[in-house]
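Colleague: I would like to learn how to read the side-chain contacts and the surface of this model. Could we go through them one kind of feature at a time?

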Amino acid sequence: MSLAVQLGIVVGYLVLALLIGVAAYRLTDRTAEDYYLASRTFGTVVLLFTTFATLLSAFTFFAGPNTAYRAGPEWILVMGVMDGIIFAVLWYLVGYKQWLVGREHGYLTLGEMLGDRFGSDGLRALVAGISLFWLFPYVMLQQMGAGTALAALTDGAVPYWAGAGLITLFMIVYVVLAGMRGVAWTDTLQGAFMLVTVWAALLWILAVAGGPSAATAELVGVAPEFTALGGDFYTPAFVVTQAVSIAFGVAMFPQVNQRFFVARSRTVLKRTFALWPVLVLALFVPAFMLGAWARGLGIEAAPGANVLPLLLAEYTPVWFAALVIAGAVAAMMSSSDSMLLSGSSYFTRDIYRPFVNPAASERREDLLGRVGVAVFATGAFLASLLRPGTLLEVGATAFGGFAQLALPVIVALYWTGTTRTGIAAGIVGSQAFYLASVFLPFVPTAYWGWGASLFGMALGLALTLGVSRVTTPAAGERRAIYFEFAD
């Protein structure tokens with residue numbers, strides 16, 4: 001009976017999301033701009049919650065508590081305080097500029113904007129290809145999270161592959177139907193649902209454990225080192241590497257970067273990034289503290305296991321644990337649906353249209369985008385069955401890859417002297433350096449404790465500036481950057 005209740009709650013939630021997608025499908029025009037950007041009509045609440053829910057993935061809901069369980073609650077500083085603030089600043093520096101340009105020129109993707117600025121379809125495809133490459137493991141991360149969560153919730157009755165397959169199936173059907181409008185509607189629902197369930201879980205477990213003081217006392221008795229800052233894990237180099245890589249990587253995530261284009265007005269955009277740090281802390285603090293307190297409450301989590309489902313199974317009723325796991329599945333769906341939608345737009349707009357069929361109609365592009373969603377999600381599901389690393393390892397690697405794009409893009413947005421050769425050198429050089437650190441065993445992943453992603457970012461910045469200084473604009477480049485109209 002408990003298994004039926006658990007699966008009924010999780011599947012019931014997925015069906016509700018699917019019904020919202022069907023409603024959005026009925027209102028979506030068969031044009032690329034409406035399918036991918038909902039015709040740039042988002043208000044403050046929808047834009048805030050769709051960005052919020054898009055970012056709160058398995059990396060947040062499971063990797064975060066897992067890290068707090070094993071190393072202490074300072075992960076709140078990395079993800080909550082530092083990245084909440086850094087990304088809010090980047091939202092202004094990058095997002096506001098992109099919104100202004102996108103409104104003026106009708107851009108749908110980052111590659112489209114840069115390709116037009118530098119008169120280069122090759123640069124456009126380069127940005128799209130790199131983005132799709134790093135997006136793949138992050139979609140896979142959501143499927144890994146869903147598979148492990150449902151297996152833990154049902155004590156293995158639902159195997160890993162079935163849980164990952166279930167979330168993949170719903171993602172495909174939902175995104176193919178819904179488009180950006182449906183994604184944003186369900187993201188708003190899912191963001192609110194996540195906040196409510198994680199706070200309810202915190203209050204419930206603390207009530208059973210005797211309150212926060214009692215839970216903290218138990219934690220201190222088991223792991224007294226958790227009460228002090230620093231330690232072997234949270235070194236300054238590790239904290240800064242993770243915070244910077246994640247924040248700058250988030251700004252280049254296709255699903256986040258596209259949301260820089262969709263605000264209805266500049267007022268909406270400014271309100272949203274001002275509210276962002278508050279909303280982030282409202283979720284991260286309870287989620288990560290649950291992970292840390294679980295250590296003192298006697299939860300035994302094997303390496304690679306997710307601690308949150310184990311804690312819920314021990315301290316809450318079956319139906320409540322299923323509700324919270326449904327919230328976690330909501331986090332994974334709200335990330336994956338946006339990733340798949342943005343990934344398909346990068347493929348159709350920046351690779352298929354310029355190189356395969358420049359005369360493609362809007363309806364053909366719309367159809368191809370929906371097919372691309374299914375192919376990409378299926379490939380990521382098959383790769384997720386291999387479980388190439390922990391959730392933290394896979395997520396951190398993807399963040400670092402996206403972060404390599406950030407500084408060359410920021411330079412191009414603000415410096416009129418940036419040349420096509422300069423930005424291409426910055427992107428290729430930093431990506432090559434970072435890829436070597438990830439895939440070549442003889443290349444270090446860190447230097448003096450500082451992650452290779454930071455050195456790759458510095459290399460990308462130096463190459464963009466240096467090469468632009470010694471090269472001249474190529475034919476087709478817009479030498480004068482076109483933001484003056486918005487000043």
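Modeller: Let us begin with charged pairs: a salt bridge is a side-chain nitrogen of Lys or Arg within 4 Å of a carboxyl oxygen of Asp or Glu. Please keep in mind that this is a predicted model, in which local features need pLDDT of at least 70 and side-chain atom pairs count only at pLDDT 80 or more, while totals for chains, interfaces and linings use all residues. Residues are numbered from 1 along each chain as its sequence is written, and side-chain values use heavy atoms, with hydrogens and water left out.

Colleague: How many salt bridges does the count come to by this rule?

Modeller: The count comes to three. In one of them the side chains of R124 and E112 meet, at 3.9 Å from N to O. Helices are DSSP runs of H or I with at least four residues, strands are runs of E with at least two, and both are numbered from the N terminus.

Colleague: Which residue forms a salt bridge with E112 at 2.9 Å between the closest N and O atoms?

Modeller: That partner is R349. The pair links distant parts of the chain, with E112 in helix 6 and R349 in helix 14, 237 residues apart.

Colleague: And with which residue does R124 form a salt bridge whose closest N and O atoms are 2.8 Å apart?

Modeller: R124 forms that salt bridge with D350. Since R124 lies in helix 7 and D350 in helix 14, the pair ties together parts that are 226 residues apart in sequence.

Colleague: Is R124 buried or exposed?

Modeller: For accessibility, buried means under 20% relative accessible area, exposed over 50%, and partly exposed in between, with a 1.4 Å probe and protein chains only. R124 counts as buried because its relative accessibility is 12%. E112, at 11%, counts as buried, R349 at 10% counts as buried, and D350 is buried too.

Colleague: Let us turn to the aromatic rings. How many aromatic pairs does the rule give?

Modeller: A pair of aromatic rings is described by the distance of the centres and the angle of the planes. Rings of Phe, Tyr and Trp (its six-membered ring) pair if their centres lie within 6.5 Å; planes under 30 degrees apart count as stacked, over 60 as edge-to-face and the rest as tilted. The count comes to 26 aromatic pairs. Among them, the rings of W204 and F320 have centres 4.6 Å apart and planes at 35 degrees, so the pair is tilted. W204 lies in helix 8 (residues 160–209) and F320 in helix 14 (residues 318–355), so this contact ties together parts that are 116 residues apart in sequence. W204 is partly exposed, with a relative accessible area of 30%, whereas F320 counts as buried at 6% relative accessibility.

Colleague: What are the distance and angle for F253 and F399?

Modeller: Their rings are 5.2 Å centre to centre with 0 degrees between the planes, and the pair is stacked. F253 is in the loop between helix 10 (236–252) and helix 11 (254–257), while F399 is in helix 16 (residues 391–414), 146 residues away. Both F253 and F399 are buried. Elsewhere, ring pairs link W75, F233, Y234 and F238 into a cluster.

Colleague: Where does a charge sit over a ring?

Modeller: The criterion is that NZ of Lys or CZ of Arg is within 6 Å of the ring centre and within 35 degrees of the ring normal. The charged end of R295 sits over the ring of Y69, 5.8 Å from its centre, and R117 lies over the face of F118, at 4.4 Å from the ring centre.

Colleague: Finally, what is the phi of W448 near?

Modeller: Phi of W448 is near 55 degrees, which is a positive value in a residue other than glycine. W448 is placed in the loop between strand 1 (446–447) and strand 2 (450–451), and W448 counts as exposed, at 74% relative accessibility.
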